[in-house]
Amino acid sequence: MNPVPYNRFIFDGRLNFSSKRRLYLIFITVTLLLAVYHKTSFGAKNFKETYSEAISKGDSLLNYKEFNEARNNYEIAISNSWTESYHNYYINYKIGYSYLIEGEGFLALAYYTDILLSFTPQSKRDSAFSLLVTCEADILTIGVLSPQYNLARLLNNYAKLKASFSTWEKARFDFLLGSINYKRLDYNNAIRNFKKSLTYKHSDKWLEEWSWFYIGSAYHELLDYQNATDIFLFMQSTKLYHLPYHKVFNMLGKIYLLRNEYCRAINYFERSLNSASKSDYKVIAAETLINMGNCYMQKGKNKLAADMFDKAEKHSALKGTRHKDYIRSLISRGFYYGHCNNFDMQEKYLSKAMEFLEKTDDDIALRSQITGYLANAYIENHDYEQAVRAVETLLGRYENLRPAEIINSIGWTSYLSLLQQRARAAYYAWQADSSDTIKIARSYEYYKQSLDAVSGGFFSLESEQSKLGGLETIRNLYSEAFIAGNDLFRLTNNFALLDELFLLVENSKANIFKVNFHNSQALDYSNIPDSYVKLEGRLKKQLAWLRYNLDENNASNETSRNIPRLQKELAQAQIRYDSLINVFETEFPQYFSARVNPLKYNLRMVQQKISDDQVLIDYFLTNNRLFVFLVSKKNIGLKEVKIHKYFQTDILNYRDIIARPCFDDNLETSARNFSELSNSLYNILIAPFADKLEGMRLVIVPDRELNLIPFQTLVIETGPSVSCQYTEMPYLVKYHAVTTLYSAEQIFTASKKINNRSRLLGMSPTIDSLAIKYYGQLPGAEQEIQTIKKYFRGSFITGKEATKKGFLVNSPSYDILHLAMHTGINDTDPLYSKLYFSSDSANNDGSMFVYEIYEYPMRAKLLILSGCNTGFGELKFGEGIMNLARAFFYNGIENIITTQWAIADKSSASLMDYFYSSLTRGTTTDIALQEAKINFLKNEDPLRAHPYYWAGYVCVGNPATYKVLNTQLFVVTGVLILLFAFFITARNTRNGIF
């Protein structure tokens with residue numbers, strides 16, 4: 001067959017009809033194939049890009065509140081999506097999310113519901129998306145508040161599908177989990193989840209702003225006002241796109257109100273009202289005006305307060321008498337009349353509020369608030385049984401709820417207040433008829449129920465600031481419960497009550513200290529790998545560093561640049577630390593159990609634990625009464641000691657006389673005044689049971705202002721026949737060794753192993769940094785370290801070699817640490833206190849924060865902090881003194897010699913010489929310190945006999961014997977052995993043996 005010639009298809013340069021048709025068909029076919037190929041293959045990329053660009057543009061427009069334009073772009077994305085149905089549903093979810101941000105929750109829920117009804121998951125990715133939408137819908141319908149809501153199942157599903165979520169979806173889901181926790185009043189977990197949300201990188205400003213807002217709000221609910229203030233001040237200083245500034249101002253006002261800073265609070269409430277839009281003003285005005293009224297009321301400006309409450313009532317009445325704002329305005333008016341002691345008007349307004357509340361939904365929080373105020377009104381009107389019935393009626397209404405569910409509905413502080421009012425009313429009812437033991441037993445039982453609420457509320461607070469915020473509340477409760485229990489004990493002589501009362505006293509003290517102390521003790525018995533322990537130390541150090549820097553930045557003017565970064569870093573570090581604790585909980589249950597379960601003990605156990613020559617004196621001081629527990633091998637007792645109304649004032653004056661003496665006065669007169677005041681305190685604190693103390697070492701657990709007293713300085717006798725020379729006064733130290741404890745629980749943690757060859761690390765730096773300008777040199781400190789060499793073997797580092805690095809590297813290897821140096825004390829948080837070492841580089845001033853030791857676990861059992869004020873700080877109600885020494889106890893050290901004021905340099909060196917001289921003879925640390933002070937009074941210059949010079953050092957913790965290898969003794973013994981060997985050799989030579 002002949003091939004078709006090429007020119008067959010050509011005729012005068014044109015195609016013939018047959019050729020055209022074929023080419024047209026080929027062209028159309030190729031075009032269609034390219035179109036299909038473009039759509040289904042490489043071309044899909046362009047469509048996907050168009051789809052992604054539309055969503056990205058929509059998301060960006062959402063950030064700037066361009067809601068309609070954002071939704072238009074989402075619609076464009078739908079038109080550019082391909083056949084997979086999931087993508088259309090995802091865009092509809094985004095549209096619903098845009099309505100949510102705009103404040104149209106109902107429309108958002110409509111989109112979410114439509115997706116859930118029509119979308120069928122086909123893969124893990126689909127299931128993850130469906131779970132996210134389900135959670136969104138649950139939040140909007142408030143279904144998460146139902147007791148039947150299965151949060152554990154939600155968390156389990158999220159854990160399984162988390163890998164299938166996008167980064168933004170993870171952030172959104174953690175935010176939703178935080179919202180669920182927040183609505184259920186589980187604020188600790190809420191903070192964790194909101195912080196997790198912030199750790200993901202995304203461009204969603206709405207999500208970021210509201211995460212910060214709810215973190216701050218949760219801190220506010222947890223009484224951690226410092227962290228809450230920091231967050232809202234940071235938000236105030238940044239550009240907000242979605243969150244109205246009036247919400248931030250309002251929260252700052254509420255926090256400052258609770259911090260009793262009323263002028264600042266009023267200022268922020270006014271700014272909140274001024275910055276609110278018309279629609280927002282209608283929503284917030286009533287609550288804000290009520291809060292302003294409370295501020296004015298606390299400032300004593302009752303007329304202005306009444307004006308605010310009037311405005312709040314009129315404003316809220318426009319919403320209707322069934323509106324909760326109107327009911328709140330009636331409650332606030334009732335509270336106002338109670339403040340003004342007009343209890344009839346208080347009861348009238350509160351009863352009216354309860355009447356309107358009955359016509360609305362069953363708001364347990366408002367009902368509880370009204371009941372609490374009503375109970376207080378009944379108490380003030382001496383109608384105690386009516387007050388009891390009011391609380392009983394409320395609790396009976398919700399008898400189907402467990403206490404934990406009520407706490408989750410109204411908050412533990414409100415629940416605690418209700419229970420406390422019931423117990424208090426029952427106690428007053430007994431006082432009106434003290435012959436009825438049933439009434440006092442009822443009151444004490446009510447108080448015990450209140451204390452159970454404390455264990456479910458206060459001890460679940462995690463941050464130290466939160467606990468400090470709740471200390472005063474629970475301390476008052478413990479005081480009232482103890483007094484009721486003591487009255488019942490006196491009437492019944494039921495000695496089983498003694499153990500309960502002792503535990504009440506112990507549980508009212510040093511709770512923050514005990515929690516941190518438990519953590520360090522638990523590590524000793526848990527077999528956790530060293531790598532985990534060191535990681536925990538690094539994370540704790542990082543957390544403390546970040547919090548300190550946040551405090552410093554908030555205190556400065558340039559806050560906007562650093563605070564956001566530090567807040568995010570803190571959130572990330574907290575998440576890593578929480579994850580590690582979760583590992584401890586699951587993999588090392590013994591540690592976790594020891595960490596969260598407080599030690600259970602009673603008086604008999606204390607009696608068995610203390611030494612034969614010790615007696616425990618545990619004080620409990622209320623506003624006007626003093627109780628003392630006495631425990632020795634022979635005795636267990638409880639005694640109430642009468643105090644006068646100036647007792648606490650005398651304590652403060654006594655401390656000032658010692659810690660800040662004035663030597664310009666007539667010495668004889670000042671000595672006589674000191675002696676008389678000291679003896680009056682002795683007669684209250686020691687004399688009532690002095691006959692049981694003869695020859696005993698005293699272990700004192702002080703309380704409240706008693707923490708300020710150096711007990712060894714108390715003068716046991718005064719009068720014309722007793723010398724008023726400071727050297728000759730009959731101080732308690734001449735008769736008893738004294739050690740102090742933060743809590744009696746510490747005696748159960750004493751180490752059973754005593755190192756027979758204790759090694760000592762002594763350091764005295766030369767401060768060659770800026771600190772020298774403020775503190776000066778300490779020539780006596782180097783002498784102090786040189787003196788110790790006579791008694792102990794070990795390392796003794798002075799001058800420029802005494803660096804921070806040298807301490808951190810070497811300290812874990814020694815049994816005894818002695819630090820003679822300057823300190824910088826932080827009164828509010830001992831972790832931020834500093835020790836000043838020598839500089840080791842041009843960029844290091846030598847200062848070491850106490851929190852830095854977290855990374856370096858110590859084996860030392862004895863620490864001598866020979867610096868100024870190492871045992872002094874801010875006195876916290878119900879906790880004790882927040883001092884530097886506490887932080888070292890957290891690191892496992894059991895016995896610390898610390899200082900109560902700014903010690904004298906030269907006296908310190910002499911005292912430590914006497915102290916170590918006694919310690920090497922095998923005495924316990926408390927006896928060694930006692931002997932050192934006695935020798936100081938005998939041998940030193942009488943002009944330095946004032947207690948200021950020698951009484952500053954105190955022994956805290958468990959005294960122990962440290963049997964050391966004395967280097968001088970070692971040399972002498974060696975010489976004697978050699979002489980003995982020489983003598984034997986010479987004798988044997990004479991006898992011809994050799």
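What is the order of the strands in the open sheet of 11 strands? The order is β3-β2-β1-β4-β5-β16-β15-β12-β8-β6-β7, and the pairing is mixed.

## The model and its chain

This is a predicted model, in which local features need pLDDT of at least 70 and side-chain atom pairs count only at pLDDT 80 or more, while totals for chains, interfaces and linings use all residues. Residues are numbered from 1 along each chain as its sequence is written, and side-chain values use heavy atoms, with hydrogens and water left out.

The chain holds 39 helices and 16 strands, where helices (H or I, at least four residues) and strands (E, at least two) are DSSP runs numbered from the N terminus. Of its 994 residues, 53% are buried, a term that stands for under 20% relative accessible area, with exposed meaning over 50% and partly exposed lying in between (1.4 Å probe, protein chains only). Among contacts (heavy atoms within 4.5 Å) between residues at least 6 apart in sequence, 71% join residues at least 24 apart.

## The open sheet

Two strands are taken to pair if DSSP finds at least two bridges between them. In the order given above, β3 (636-641) and β7 (794-799) stand at the edges, each with a single partner strand, so one side of each has no neighbour in the sheet. Neighbouring strands are turned by 20° against each other on average, direction ignored.

Strand β2 (residues 626-631) pairs with β3 in the antiparallel sense over six bridges, and Val631 stands opposite Ile636 in β3. Helix α24 (residues 496-507) packs on the sheet, touching β1 (614-621), β2, β3 and β4 (697-701), and its direction makes about 70° with that of β1; axes here are lines fitted to C-alpha atoms, for helices over the stretch in contact, and angles run from 0 to 180 degrees between N-to-C directions.

## A pair of helices

The axes of helix α7 (residues 151-161) and helix α8 (residues 167-183) come within 12 Å and cross at roughly 165°. That makes α7 roughly antiparallel to α8, a word used for angles over 145 degrees, whereas those under 35 count as roughly parallel, 65 to 115 as roughly perpendicular and the rest as oblique.

From α7, Leu151, Leu154, Leu155 and Tyr158 meet Lys170, Phe173, Asp174, Leu177, Ile180 and Asn181 in α8.

## A buried glutamate

Glu313 lies in helix α15 (residues 302-317) and, at 16% relative accessibility, counts as buried. Leaving aside residues up to four places away in sequence, Glu313 touches Tyr326, Ser329, Leu330, Arg333 and Tyr349.
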